[in-house]
Structure formats: C-alpha cells, structure tokens
Amino acid sequence: MLNIEGLLVHFPYDYIYPEQYSYMLELKRTLDAKGHGVLEMPSGTGKTISLLSLIVAYQKVFPLEVSKLIYCSRTVPEIEKVVEELRKLMEYYSKQTGESNNFLALALSSRKNLCIHPEVSSLRVGKEVDGKCHTLTASYIRAQRHSDPDLPVCRFYEDFDAVGRQMPLPAGVYNLDDLKDFGKRNGWCPYYLARYSLMHANIVVYSYHYLLDPKIADLVSKELTKKSVVVFDEAHNIDNVCIDSMSVNISRRTLDRCQTNVETLQNTIQKIKETDATKLKMEYRRLVEGLKEANVARETDVYLSNPVLPDEILQEAVPGTIRTAEHFVGFLKRFLEYLKSRLRVHHVVQESTPQFLKDIFDKVCIDRKPLRFCAERLRSLLRTLEIADIADFSAVTLISNFATLVSTYSQGFTIIIEPFEDRTPTIANPVLHFSCMDPSIAIKPVFQRFQSVIITSGTLSPLDIYPRILDFRPVTMASFTMTLARTCLCPLIVGRGNDQVALSSKFETREDFAVIRNYGSLLQEMSAIVPDGIVAFFTSYMYMENIVAAWYEQGILENIQRNKLIFIETPDAAETSMALEKYQEACENGRGAILLSVARGKVSEGIDFVHHFGRAVIMFGVPYVYTQSRILKARLEYLRDQFQIRENDFLTFDAMRHAAQCVGRVIRGKTDYGLMIFADKRYARADKRGKLPRWIQEHISDGSLNLTVDEAVQLSKHFLRQMAQPFRQEDQLGLSLLTLEQLESEEMLKKISQIAHQT
Amino acid sequence: MDEEPERTKRWEGGYERTWEVLKEDESGSLKATVEEILFQSKRKRVTESHGQVRLGMMRHLHLVVDCSRSMEDQDLKPNRLTASLKLIETFVEEYFDQNPISQLGIITTKNKRAEKLTDLAGNPKKHIVALKKAVDTVCLGEPSLYNSLHLAIQTLKHMPGHTSREILVILSSLTTCDPANICELIKTLKSLKVRVSVIGLSAEVRVCTVLTRETGGSYHVILDESHFKELLMLHVKPPPASSSSECSLIRMGFPQHIIASLTDQEANAAISTSSGADLSLGGYFCPQCHAKYTELPVECKVCGLTLVSAPHLARSFHHLFPLQAFTESPTEQLQKDRFCQACQGELKDKSIFSCPSCCSVFCVECDLFIHDSLHCCPCCIHNQSNP
C-alpha cells in the first residue's frame, strides 16, 4: 500500500523500484491535470505494473473522473503479459480488501485469436477467418435465414445474440483464453462478447490498431467513453503506425482486383433490380436524408470521430451523381480507369492532393465532392446488396477509402507514382503511393476525445519530438533512469579498428574492404569472449548480405564458427522464427550462437533477448532509413515546412530510436546484464549520443567513446567477469529495490525526485 | 595484437585501466562497487560454513581441466593454462592436507575429447607430477563438457554411497562441443547425486549455471588470479553431506610404520603394493592382510580395508568442531588502541572482528587466516596456557 500524493495505491509486490514510485508520481499528476503525458522508462523496470496499479487505484478512488482504462500494446504476447500483471494486481486487491473484485478487465484481439467456431477457427489467415465469420453472422444473412433455414449458421453468435447481451460478462480478468473458455462454456461467441463488453469493461487491453486505424476504430472503439485513460505502451513507433494506417498503396494488381469487384457489384445490382427493386429505392431515400444520424451522434459526443469521415460530409447529403447504385458503379469505373491511366507512366510523378484533384477533374470530370462520399457510399451499397464476404471486396474498399482521403485532406498527404522499384529499374511494377506525412491526422481524434493519453516506452528520446510530430500538448514529459545496484549495462562506442581505420557504415565507406574486415574482426573477437548469445544488427538486409559475403571470402566466418554458431534473420518470417528457435537452443546448451539481424526488422522490434539469450548486442553502423526513398523525402519536406523539424534532426532521431531499440533488446531487467556495442564512429558525436535514451546515455563515459576493437575487448572482458559475480537480492535492497519503510525515508524521497528528468 | 607467447612486461600486457579501480564513488550508494559485494561474500563464506552440519568427509573429487584453445589467453600470466595448473597444484596439496581420507582424479578436455590425466587416487604426489607434465600440453580446439562429465561419471558412479561424489570443472572456454544433449546428462548426474561445481575463467555461461544449480554445486567466475585461488580454495573444505547419502560405520585400519632391517627375512618378500616399481624396506602393513604400502591413506588392494593414520583423522577433526565466527563491528566503536591482536597491524578498515569467547580484536585478513588455516583463536589458546 503506497501513498502517492494522497492517493493510496495497492502494489502487488513486496518491493518496489524507486523509479516505479517516481513513475507513478508523474502519472498521477498527469491524470490529475486531465492531460496527456509522455513518459520514458527503461524496459524491465516494471512499467506495466506501475501503470496498472496507479490507474486502477485512481479508478477506484475517483470512479467519476476516470471510468475506463484503455491499454494499447503492440502484439498478442504483449497483450497477454499485461493481462497477467493485471490478474496479479486484482488478486492482490481482493486479498487486501477482502471483498470480491468488481472490476471487469478484458483483452481483445482479432477473430483469428478468439473464434471458437470449429470450422472457422481452423482457418489460419486472419482475413479468411474474418470473411468466413462474416458470411455466417452478417445481419442480412441472418435475415435470409428466416426464409431459408438451410443456410449455415454460427450457433455461438446466435446464442450470444439471443441472450448474451442481457447478461453482462461477470467481473473478473479475462485474457484471450479465458474469453474463449467462457464462450465455450456458455456457447457464446467470445469475439462478439468481448466487443460488446468493451462498453462496460473497466479495463480494456488491445492492439494499437483498434484505436488508430480508422477502419477498425470505427467498428470497435467509437463508443468508448470520454472519461478514459488511454495508454500507448511501446509507443516509440507510434508515428509510423499512424502514418501506415492512413496511407494507401495501389498497384496494378489492386486495380485489377478492383475491376472484378466492380463487375460483381454491377451484376449484383442488376440481379437485385430484377428481383427486389424496393431495396435500392429504400437506400436511395436513406441517402437523400444524408448522414444526419452520424452527425447527431458526433455532436452529442457519443462517438470517437473517424478521420476518414470528415465533419463536412456529415452535414451534407450524398451528392446526386452517385446516389443511385448504377451511377455510383459507373462513377467507380471512371475513377478506376483514371487510376489505370495514371499508372501507365514511365517516370516518377509526385504531386500534391489538390493537383491530383484538378487533374482528375480535367481528365474524367470527377468532382471533389462525390469523391469525398465514396467510402461511405460504398459501405452503404455493400450493405444494401447484402454481400456476404466483405474480404473479397478489400480492393474496392481500398480504392474508395483512397478517394475519400484524397479529396478530404489537401495537406499532409502526397501522391507518388513510381513506375518501377528502385532496386529493379528494368521491371515495370507501377505503384501509386498515397502517403500520409502527418501522423497527427490519425491520432488527433484520440487526443481530442479522451481526457488522458499516456505515451510510454523504453526508448522515447528525445522526448520533445513526439509532441511535435503528433501535434499535441502534454502536461508531463519525463524520462526515468534505471537505478542500479551494479552497472549492468555497458555501452561501448567502437570507432576504430585495430589498424586505426575509422569504422562507419556511411555510404562512402560501405564497400571499403578495410572497414568490412575490421567489422569482422570485431565480431570475431567478441565471439571469443562473450558467453552464450550475441545479437548483431546491420542497417539493412542488403548491407548484411554484402558484409557476410565478404566475411565468408576472408575466412572470418569460419573463425567465428569455431566459437559460436551463426544464424541469420531473413525477410521470410518462417525462416526467421526457425533461426530464432535454433539460436535459443544453441544458447541453452552451451554451444553459443550469434544472430545476425537487421535494425527495423522483426527481431529488432518484438523479440527480447533475456539473460543468456543476449549477453551482447553489436550495432554495425547507424540505422538510417533509406534516404533516397521519395516517400521519405516528401515526409521530411513536410516536417520541415509544417513542424520546423530539420531533415537531419528527424533522420538522426529516427536512426537513434531504432538503434536504441536494438541495443535495448539485451537488458530486460535489473538482474540481467549485457554489453551494448555501437560500432560506428558517428555514435561518438554529441548529436547522436544525445539522442539515446537517458538510461543508456548516462552509462557512456568519456572513456568509452572512441575505442579500438582491442580496447573494447578488454573492457568487455572485465565487465563480463564483474557481472558474473554472485548477485543477490539483498545487494539490491535499499539501493534499487525498496521496501515500504525504505521508500518512506526522507533521504530516499529526495533521491527519487531526481530520477524523473523533466523536459 | 601480437600473439607472441612470452609477454611478461607490463607495457606488453593487456590494456588495463588501472585508474578506474581507484575511482571514488561520489554518488554514495547508487553504484555499490563490486569490491564491497565481494568483501561481503568473503565474510559470508566464513560465517556460512559454520554450524553443526554433517560433512562429507570422505570425498571423491574429479577435477576437469579445460585445455582448449582459449587456455592460451594471456589474461592470467603467463597464460591461463600455466597459471591454472600452478594453482591446481597448490589446490591438490591443500585438498589432501584438509581431506586426508579423500581421493582425487584429474581429467583434461580439449579438441572435443576428454582424457584422464590421473585416476582417482589418494596420493597427492602422483597428481602433482602429472600436473607438472601437463604444462607443456598444446591447447587445441574446443572443450567438451559432456565428454568430460561422462568420463568422470564412469568412475564416480562406482564409489560407495557414504562418500561424496564431486566434480570440479575449471572452464576457460565459453563454448562446449558436445556429442549429445547435455540436459540428459545433467539429469543422470542428479540421479547419481554427483555434485558438479564450475569455476569459469572468462564469463558466466548459461549451461554451467544450469548444471551447477541442478546438481547442487557452486558456480563462480574469476576476476583475477588471486580471486581464482580463493575460489579454488573454497573447494578444499568438505561440502555438507546430502541427507540422502548412506550412513554407515566404516571399517578402517590404522597400520603401523615398520622399517625392516636388511637382515629381516620376511621383509624381503614384501613389495610395496601402492607405488609398484620401487622396492623399499619400510612401509605400512595392513593389519588385516599384511600387504605393504609406502603411503597412507590408501584402500588396501588385497582386502579392501581403508587404511589411514591417526593424525590424518585428527586433521579432519576441525571440520567437525569449527571455530566460532567472529563478530563484526564498525571500527569506530573500538575505544582502545586500534591494533589487530594477531598481526599487530593498525586497523584501517571500516569494520573489525572480535572473538566471542576472549573478545580479542582482529582485522579481516587475520580473521580469514584464523578461520581458514589455524582453526583456533590464538588469543584463546594463549590464555589457556597462561592461567
């Protein structure tokens, strides 16, 4: 039981890290101010439990101020981890207070992870599951069943629909498996049950996309109450998630599939017209009345607004040109033909959205207004035509979303048409990139709607850039260090080889034989002195391929293999997970292994290398993005014009956050230890170093700035021996691990106040 | 780096940051220096080993020495192999000094194989001779933890249940090249109640952590040569016997040493059974079957009786009645002149140690010396003799 500025917080562990206390303090201040916050705390210091226990305590004490916690994480395993922590907390609560728990907390994931229908759940791919589910549960299908009882049915959904809504999910903590169990016991569909229960749950744990991706958010999250606290965990890449959710890429294949979609639409319309013309008339009438309902809802503040559905649309009726189904299909066809003609280019075209709109008007006489209604109109049509398998229509949905977006936003987007990929200039593969350059567009509704949004991660440095690119004003911005009883991380910057050749992955020296050789000798020497697992990151797949090929020729690989086995990450997911499995096995049985992987790849983001799985991580080069990409160039330009962020600053920031992510993989807690080797002399510069998270930065001494390979080896040897000494919990107590009494001592409180670094 | 074998000069040695050892910790306790943690564990060792525990006095220990390529590393001077072998020599002597009725065998591993250097035997001389010879071995390839443990089990598993079965591995390499899954072997070791301890020369390896944790041994990694010695000496003391080991009375013979004169008719017939080759006149005769041995302790090869001498047993005695731990207190509390009663040096450390029975004050080093070597408090003895 902790007292955090007057708020009594139940904390389910006997000991607490000082930074956890400090974190809760800042969090409480953010909630008090009903504002947004950016908090950086190293991984492995119990961020999740601090967040949960404080917010739950807040909810219990001020149920009217904060009624819901929405916890967004990235992957399913992460979601499960959060739920487990929450379960521990809730059990602790009921043990302490003696009363049974009245909190409802649940995780939500896609149908793929929740479906219990024997046939549907046997499908592997998410899209197929969604489509199949839709064919069984869509409202008009169920309506048809009244006349034709032979149609297949999902009894779980039917049962849920019949009784499930009257009986709310009993209080408790549900992870995905719990939901499935509950669903099986009652014969209810767990997915729809979870979605329905979101409304009255106290805590919801789900993926980012349920809030940020406008297509999904509209279905799932729009009715969530305003008095919610939203937490984005592992949010260092949140701007890219926002951008991806608003960007559209159209290739020739998309257009072909769209063509077939449109044809199907046309045929269906024809058929319906012959059998049931009233249905189309009804739709027409509804469209005349406009989207008033949606407008009312937004005004009364019931819904989270959808950035794809701009305000202006709501006030107007669907324009006459696309009101009837045939006209709309004709309209789509024309639009499609236009896009096809645009893709027949031989050189790269980049234009702004107004330019694009003008062009489309000139060429095929399509006005801006009908374009804006395109997405809404298509949805209405699909509903009217009672098309079961929505998944088939993803292409046309994509195109219509594109139409709406392109006509809605005159700023923040750019259109780039590339006739071929940069790497294969001879193969024609035209792609139209409609790319969002402003991450704030997607996340704006979230900031506007919810009273507190917390953005947190292990690596958010430099903190001030996030509010700028996401365009919001935080009330707290803090970075927390890791208090350590022993310095368990050892960042080293290796800038030179033993022959004094400067090590760098910069473009000019990329092919340099001497640099590659020195990188090789660095890895070789490290493989001899670091126990168990080493993870090495390269800046790109291509760079990795080149270097590994050169190492093979020079015989370096052979030498390395005497010490450790080598595994390589490839773009193929199955291959990579196989390599990972073998890598872990080799670490486990003492053979030792090296994993060669790529910054920004799967390994660098989602996979933790606890303890012996990663005793050292080597970052070969600075992981800049591919700067020649036109999309990136456009985005940089936009950032400079709109947010006054210089290109170089953003590029460095982006490179450093990925580097920090990569090296952060090895330290997953205070008992863990690991070497972090930055093998590029550019890391020594203040502008790079200064952008690393504070908890890494403060361990880089001046003496470890520009080391040669040999010096690094000596330092590492020393470090590894020190770390191998017995380390018990008692050694941590009072320093980095506190009991309640220790926490309350005056001296400690003073120390704690220095942990948070405000910016 | 040049790889010449002879590097004795300081400036030729590794890049050492000597100044960093001296670094004062200004932020107070935020970064507790490793030295302090080490000091505490040193103390802990002294206090921990006391108390009335049953100790496995009859030990069978297999020493596995890594002779792989990594032993050529020069971070111990002149190289790891030479330094370790030298330390192991002193260990062997100390081991038999403290555990006179125990046995020891040495296994080396290199180039993915394991070989027996000496068999399990109670004679320190043979081991030491073998170790001296081993200095010249060429370090090759990778070690095999599996093969060496497997080899050790072959002999250990035949040892009687009331004795302890131990393996101590000196591992320099960070990798091991095994023919089969070592986890299975660990299970076998556990079922055979073999205790495996590891001293790592470079860094903490996961498989050793698991191995030692599962079999109840200890795992340490050296910091430098003196630390290495300290860690080795930890294994000199007999470990507490596992509660499941058999409990039985052991028949022992206490043979007399008889020097026969050349004229003695009987003596000429008897050849020393233990060392085989050389003839000697004197020797120990088994009280049961009169086989002659030149050295003790030994297990009679004829009738299987354990032969020891009384002083041997007496030397093991202090393990049973250890000296009480000294109480630690801060130096400031001491009112009188601050001198250690044993070495007469000034007490400079921040804590002192006093004997609970005679209240004499000692420094850390003397405390360790008294507990490790003397096994009795010098001041108490002094008081007894001068009443």
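Residues are numbered from 1 along each chain as its sequence is written, and chains are lettered from A and ligands numbered from 1 in the order in which they are written. Because the model is predicted, local features need pLDDT of at least 70 and side-chain atom pairs count only at pLDDT 80 or more, while totals for chains, interfaces and linings use all residues; side-chain values use heavy atoms, with hydrogens and water left out.

The size of an interface is often given as the accessible area lost when the parts come together. Between chain B and chain A, about 3300 Å² is buried, 51% of it on carbon and sulfur atoms, where buried area is the accessible area (1.4 Å probe) that two parts lose on being put together, summed over both. Contact, defined as heavy atoms within 4.5 Å, involves 35 residues of chain B and 37 residues of chain A. Five salt bridges are counted between the two chains, each being a side-chain nitrogen of Lys or Arg within 4 Å of a carboxyl oxygen of Asp or Glu; one of them joins the side chains of Glu588(A) and Arg206(B), at 3.8 Å from N to O.

On the side of chain B that touches chain A, the elements giving two or more residues are α2 (34-48) and α7 (206-215) of chain B, with helices (H or I, at least four residues) and strands (E, at least two) taken as DSSP runs numbered from the N terminus. The largest contribution, five residues, comes from α2(B). By class, this side of chain B has 17 nonpolar, seven polar and eleven charged residues, where Ala, Val, Leu, Ile, Met, Phe, Trp, Tyr, Cys and Pro count as nonpolar, Asp, Glu, Lys and Arg as charged, and the others, Gly among them, as polar.

Within chain B, three strands form an open antiparallel sheet in the order β13-β14-β15, two strands being paired if DSSP finds at least two bridges between them. Its edge strands, each pairing on one side only, are β13 (327-330) and β15 (361-362). Two bridges link β14 (residues 351-354) of chain B to β15(B) in the antiparallel sense, and Phe353(B) stands opposite Phe362(B).

Strand β4 (residues 68-73) of chain A pairs with β7(A) in the parallel sense over five bridges, with Ser73(A) opposite Ser207(A). Strand β5 (residues 104-107) of chain A also runs parallel to β7(A), joined by three bridges, and Ala105(A) stands opposite Ile203(A).
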